[in-house]
Amino acid sequence: MSGFPWLVVDQNTDDGELVIAACSDIDGLFVESPEPPVERYSLLGCEPAGRLAAACDGDGPAWLGNVGLDAVHPPQSKHPAHCWHCAEELLDITVLDARPSALGRGLLDVTLEGRLRIEELARFARGADKAPDADGYLLVGVTGDGDEDFGMCREVAGVFRPRPTPAPRGATLIGCRPEPPLQRALDALSRGAAPRRRWIQGSIFSVDRDGTAVGMVGAGLGAEVAEVRPSRLGDGLVDVTLQPTYGDAIGGPRPAGARTVWQRWRAGRPDVHGEWAEYDADLRHEWAGVALAHHEQRPDRPSGTRYHMAGRHITDVEGFFCAIGEAVNGPGGYFGWNLGALHDCANGGWGAGPGFRLVWHDSEVARSRLVPGYDRRWWTPAVTMDDLLGYLADSGVDVELR
């Protein structure tokens with residue numbers, strides 16, 4: 001497949017992996033995903049507790065973080081008293097004001113500003129615009145250290161309402177050389193065959209300049225062939241437009257800027273430390289994912305080995321994963337790209353025997369930057385310096401801060 005930087009591969013055939021198409025580019029793989037819009041919500045008939053109560057003191061807007069709404073169902077409901085899949089989460093919430101409520105003496109109506117996430121199961125079961133059958137809502141602060149009691153409220157406003165549904169995104173295989181599976185779909189298109197005959201599905205691979213194909217973790221394509229036309233990129237090549245049947249044509253698309261990360265690695269594995277430092281958090285996360293895709297299994301170094309981690313650029317948790325990957329496995333090294341993966345790596349099999357020592361240089365950078373609330377991009381609780389140290393300790397890593 002020399003000369004084609006992208007492959008679509010069926011990994012579920014009886015004969016092993018089967019190439020569907022070799023492509024010069026895949027339009028729709030690198031996209032900017034819109035953030036959830038900022039909205040206003042009201043907690044009606046609220047009995048606030050903890051930090052929510054403190055934020056209702058009338059001193060002005062106060063940032064609260066993420067707040068889960070856990071529906072409390074009446075006895076005759078088909079749901080249990082508390083139903084986790086009926087929950088919604090209000091994200092990056094700021095308390096704007098609080099005032100006496102008409103729903104009861106001593107209760108408050110609290111105005112919030114932030115964003116909304118609805119559990120997919122709840123969205124499927126009842127629709128995003130329909131409130132659950134509930135006698136009220138427990139208010140739960142969602143933090144990295146566990147749940148936090150924010151009290152309860154009788155009703156909510158502004159949460160359960162119609163919202164525009166984004167149209168599914170299609171994709172285009174550009175400068176494409178069809179292999180037999182795609183050619184069959186193209187032939188079906190020319191015959192006017194049923195959509196299922198035009199369906200292709202596979203994983204997306206990047207091809208390095210040395211010919212090595214590496215899978216993009218979590219990136220897959222599934223859609224119907226809708227149109228084909230000759231490509232300007234070469235004789236015999238085609239551009240193939242893909243139309244999603246449901247959802248997006250490409251699952252797990254990458255941020256638009258991530259293209260530069262894959263292009264960098266395509267030229268060869270990094271040979272100096274810290275090339276990732278120039279990137280923002282999204283692209284640092286992508287760097288760690290590309291490092292995972294290129295990871296080569298080697299025997300672990302002995303337990304008790306000391307590794308030195310450069311901490312000057314650990315200004316977010318994504319930078320930590322890039323830095324510890326290089327500390328253990330050299331430039332471009334991988335040693336986890338989320339907390340669960342970090343724990344797995346620390347158990348062995350990823351270059352370091354369990355029970356190793358990590359010398360964290362310039363640790364004051366992370367101590368000053370990785371604090372509660374510093375990261376509001378993922379709409380999940382920020383992973384702080386203390387969280388990382390706790391996870392490392394639980395994983396048997398002895399950390400020396402310098």
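**Residues, helices and cysteines**

Let us begin with Q201, which is exposed, with a relative accessible area of 52%; exposed here means over 50%, buried means under 20%, and partly exposed lies in between, using a 1.4 Å probe and protein chains only. Please note that this is a predicted model, in which local features need pLDDT of at least 70, side-chain atom pairs count only at pLDDT 80 or more, and totals for chains, interfaces and linings use all residues. Residues are numbered from 1 along each chain as its sequence is written, and side-chain values use heavy atoms, with hydrogens and water left out.

Q201 sits in strand β10, residues 199-207; strands are DSSP runs of E of at least two residues, helices are runs of H or I of at least four, and both are numbered from the N terminus. Setting aside neighbours within four places in sequence, Q201 is in contact with D10, I20, L221 and G222, where contact means heavy atoms within 4.5 Å. The C-alpha atoms of Q201 and L182 are separated by 9.5 Å, and the two residues are 19 apart along the chain.

Is S42 buried or exposed? S42 is buried, with a relative accessible area of 16%. This serine belongs to strand β3, residues 39-48. Residues up to four places away in sequence not being counted, S42 touches R99, V110, T111, E155, V156 and A157.

I turn now to a helix pair. The axes of α4 (residues 258-266) and α5 (residues 281-293) come within 9 Å and cross at roughly 35°; axes are lines fitted to C-alpha atoms, for helices over the stretch in contact, and angles run from 0 to 180 degrees between N-to-C directions. From α4, A258, V261, W262, R264 and W265 meet L283, E286, W287, V290, A291 and A293 of α5. The residues of this contact divide into 9 nonpolar, no polar and 2 charged; Ala, Val, Leu, Ile, Met, Phe, Trp, Tyr, Cys and Pro count as nonpolar, Asp, Glu, Lys and Arg as charged, and the others, Gly among them, as polar.

Finally, the cysteines. How many disulfides does a search of the whole structure find? The search finds 0, a disulfide being a pair of cysteine sulfur atoms within 2.5 Å. For C46, the nearest cysteine sulfur, that of C153, is 5.6 Å away. C46 is buried, with a relative accessible area of 0%. For C322, the nearest cysteine sulfur belongs to C345, 13 Å away, and C322 is buried at 2% relative accessible area.
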